[in-house]
Amino acid sequence: QVQLQESGPGLVKSSQTLSLTCTVSGEAITTVYTYYFWIRQPPGKGLEWIGYIGFRGNTHFSPSLKSRTSISRDTSKNQVTLQLSSVTPEDTAVYYCARITHDFLDAMLTIPKRDFGSWGQGTQVTVSS
C-alpha cells in the first residue's frame, strides 16, 4: 500500500548536482521506525546504498559518497530529496528510493536487496562527460 515514486532529470552534466525526489503515498514518511533510503545501480554493477533519512529526520550516508551527498525531506509534501553534487559519468545509474523498517536496517546497510522493503520503480540518471 505504500508507494514510492522517484522523479527528476534523466540527464545531468558533469560537475553539476543531481537532484531527485521520492514522493511517498500511503504512509507518512515520519512514521516511527521507518527509514527512507536512496540506492543506485550503475550499469553492470550491484546495488549500492547512498544514504537514508530516518523517521526522526536523522541522516546517514555511505562513506564513499558522504562528502557530496545530501538527503532531506518535506513532511508536508511527504517527499524525500536526494542531492548528489559534483557528479561524474561514474554516477550514471538507476536511482531508487526505498522504505525500510527498523528490522531490516542493518541488513540493508550490509547488502541492499529489494526484499528488504518497498521500492520505487527507479529512475535512470545519465551523467554526460
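This is a predicted model: local features need pLDDT of at least 70, side-chain atom pairs count only at pLDDT 80 or more; totals for chains, interfaces and linings use all residues.
Biologist: What makes Cys22 and Cys97 a disulfide?

Modeller: The sulfur atoms of Cys22 and Cys97 are 2.1 Å apart, and the cut-off is within 2.5 Å; therefore the pair counts as a disulfide. The count by this rule comes to one disulfide. Cys22 belongs to strand S3 and Cys97 to strand S9 (residues 93-101), so that the link spans distant parts of the chain, 75 residues apart.

Biologist: Why is the disulfide of Cys22 and Cys97 called right-handed?

Modeller: The torsion about its S-S bond is about 70 degrees, so the label right-handed applies.

Biologist: Are Cys22 and Cys97 buried or exposed, and how do you know?

Modeller: Cys22 has a relative accessibility of 1%, and Cys97 has 2%. Buried means under 20%, so Cys22 counts as buried, and so does Cys97.

Biologist: Why is Thr21 called buried?

Modeller: The relative accessible area of Thr21 is 19%; the limit is under 20%, so Thr21 is classed as buried. Thr21 lies in strand S3 (residues 18-25), and its contacts include Trp38, Gln79 and Val80.

Biologist: Why is the pair of Tyr33 and Phe55 called edge-to-face?

Modeller: The ring centres of Tyr33 and Phe55 lie 5.6 Å apart, and pairing requires centres within 6.5 Å. Their planes stand at 70 degrees, and the label requires over 60, so this pair is edge-to-face. Tyr33 is exposed, at 52% relative accessible area against a limit of over 50%, whereas Phe55 is buried at 12%.

Biologist: What makes the pair of Phe104 and Phe116 stacked?

Modeller: The angle between the planes of Phe104 and Phe116 is 25 degrees, with 5.7 Å from centre to centre. Stacked requires planes under 30 degrees apart, so the label holds. Phe104 sits in the loop between S9 and helix H1 (105-110), and Phe116 in the loop between H1 and strand S10 (117-119). Phe104 is partly exposed at 36%, while Phe116 is buried at 17%.

Biologist: How do you know that the charged end of Arg114 sits over the ring of Tyr96?

Modeller: The charged end of Arg114 is 4.9 Å from the centre of the Tyr96 ring. The distance criterion is within 6 Å, with a further condition of within 35 degrees of the ring normal. Arg114 also lies over the face of Trp119, at 5.4 Å from the ring centre.

Biologist: What makes strands S7 and S8 a pair?

Modeller: Strand S7 (residues 69-74) and strand S8 (residues 79-84) share six bridges in the antiparallel sense; at least two are required, so the strands pair. Ser70 has Gln83 in S8 as its bridge partner.

Note on methods
Residues are numbered from 1 along each chain as its sequence is written. Side-chain values use heavy atoms; hydrogens and water are left out. Helices (H or I, at least four residues) and strands (E, at least two) are DSSP runs, numbered from the N terminus. Buried means under 20% relative accessible area, exposed over 50%, partly exposed in between (1.4 Å probe, protein chains only). Contact means heavy atoms within 4.5 Å. Rings of Phe, Tyr and Trp (its six-membered ring) pair if their centres lie within 6.5 Å; planes under 30 degrees apart count as stacked, over 60 as edge-to-face and the rest as tilted. Lists of a residue's contacts leave out its neighbours within four places in sequence.
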